[in-house]
Structures are given as C-alpha cells and as structure tokens.
Amino acid sequence: MLPWWVGGPVVAAAGAVLGLATGLNATGFAALSVLGVIAAALLSGRRGGLAASVLSFLALNYFFTAPRRTFVVDKTEDLVALGVFLVVSLVVSHLFTRVEAERQRAELREREVGALYEVAEGLLAGAQLEATLGEI
C-alpha cells in the first residue's frame with residue numbers, strides 16, 4: 001500500500017493532467033476524479049482517499065470553475081456543485097476504504113476457519129492434538 005501523501009496527490013495530479021489534456025468539461029472531470037478518489041482510497045487507504053478528494057476539489061475549482069485559474073467562485077450554483085462534489089468524493093473514499101478493510105478481515109477469517117477445520121479433521125481422524133497443532 002502506498003503512503004497517503006504519495007497516493008492521494010499522485011492520483012489527483014494524474015486526473016488533473018488527464019482532464020486538461022483531453023479537454024474534459026467540469027462534469028467529466030468530476031466523474032474522472034471520483035474514480036481517482038476510489039483508486040487513491042484503495043492504494044493509500046483512508047488518508048490517501050481524503051487527500052485525493054481535497055486535491056481533486058481544488059483542481060476542479062481552479063481549472064474548471066469560472067473565473068478559471070483562481071480559487072474564487074463567482075456563482076452560488078458552482079459553489080454548491082463544488083461542495084456536493086467534495087462531500088460525494090469523501091463519502092465514496094470512506095466507503096471504499098471500509099469495503100477494503102472488510103475484505104481483508106474476511107480473508108483473515110477464511111484462513112482461521114481453514115486452520116480450525118484442519119485441527120478438527122486431524123483430531124477426528126485420531127491424531128494427537130500436539131501433532132495436529134504442530135502441522136498447522
């Protein structure tokens with residue numbers, strides 16, 4: 001897993017460069033950024049997703065909201081859209097981080113159940129407890 005200070009900024013920067021190079025509009029960039037936030041959350045965990053969310057929000061404001069190349073927002077509806085984007089990207093990041101943590105816990109439980117099954121199988125076959133545990 002990448003450190004958060006690498007994963008979040010790298011994904012946000014890649015999304016900004018791709019969005020500007022392909023001539024995406026603000027809506028397309030926002031959709032691309034949400035995918036980037038998901039990638040950062042999976043690669044760097046909760047902090048990486050948070051960093052990608054905030055940096056994508058700033059990039060969306062700076063590059064795609066009038067007046068461009070500033071952090072000033074002229075229209076109230078643009079401010080609302082930016083706020084909604086930030087909230088959605090933060091929630092998506094949080095949810096994907098939780099899903100990944102649950103997946104890891106499920107894999108651990110699967111390994112534990114497999115080990116318990118081997119112990120039970122060995123004991124039912126008449127093996128000594130110490131020998132069965134030693135094999136595991």
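Val88 is partly exposed, at a relative accessible area of 38%; partly exposed lies between buried (under 20%) and exposed (over 50%), with a 1.4 Å probe and protein chains only. Please keep in mind that this is a predicted model, in which local features need pLDDT of at least 70 and side-chain atom pairs count only at pLDDT 80 or more, while totals for chains, interfaces and linings use all residues. Residues are numbered from 1 along each chain as its sequence is written, and side-chain values use heavy atoms, with hydrogens and water left out.

Val88 sits in helix α3, where helices are DSSP runs of H or I with at least four residues, numbered from the N terminus.

How well does the span of α3 agree with its 49 residues? At 1.5 Å a residue they should span 72 Å, and the end C-alpha atoms are 71 Å apart, so the two agree; the expected span is 1.5 Å times one less than the number of residues. Buried positions in α3 include Leu82, Phe85, Ser89, Val92 and Ser93. Beyond the helix comes Gly126, with a positive phi near 95°.

Now for the spaces in the model. On a 1 Å grid over the protein atoms alone, a cavity is a set of points where a 1.4 Å probe fits but cannot get out, whereas a pocket is an open set with protein on both sides within 12 Å along at least five of seven lines; lining residues have an atom within 4 Å of a point. Points are joined across faces, edges and corners, and a volume is the space filled by probe spheres set on them.

| Space | Volume | Lining by class |
|---|---|---|
| Largest pocket | about 150 Å³ | eight nonpolar, two polar, two charged |
| Largest cavity | about 40 Å³ | five nonpolar, four polar, no charged |

In these classes, Ala, Val, Leu, Ile, Met, Phe, Trp, Tyr, Cys and Pro are nonpolar, Asp, Glu, Lys and Arg are charged, and the others, Gly among them, are polar.

The lining of the largest pocket includes Ala26, Phe64, Lys75, Asp78, Leu82 and Phe85. Elements giving two or more residues to this lining are α2 (26-64) and α3 (76-124), and α2 gives the most, with five.

The whole structure holds one cavity of 30 Å³ or more. Among the residues lining the largest cavity are Val11, Gly15, Ser33, Val37 and Ser56. Here the elements that give two or more residues are α1 (4-21) and α2, with the largest share, five residues, from α2.
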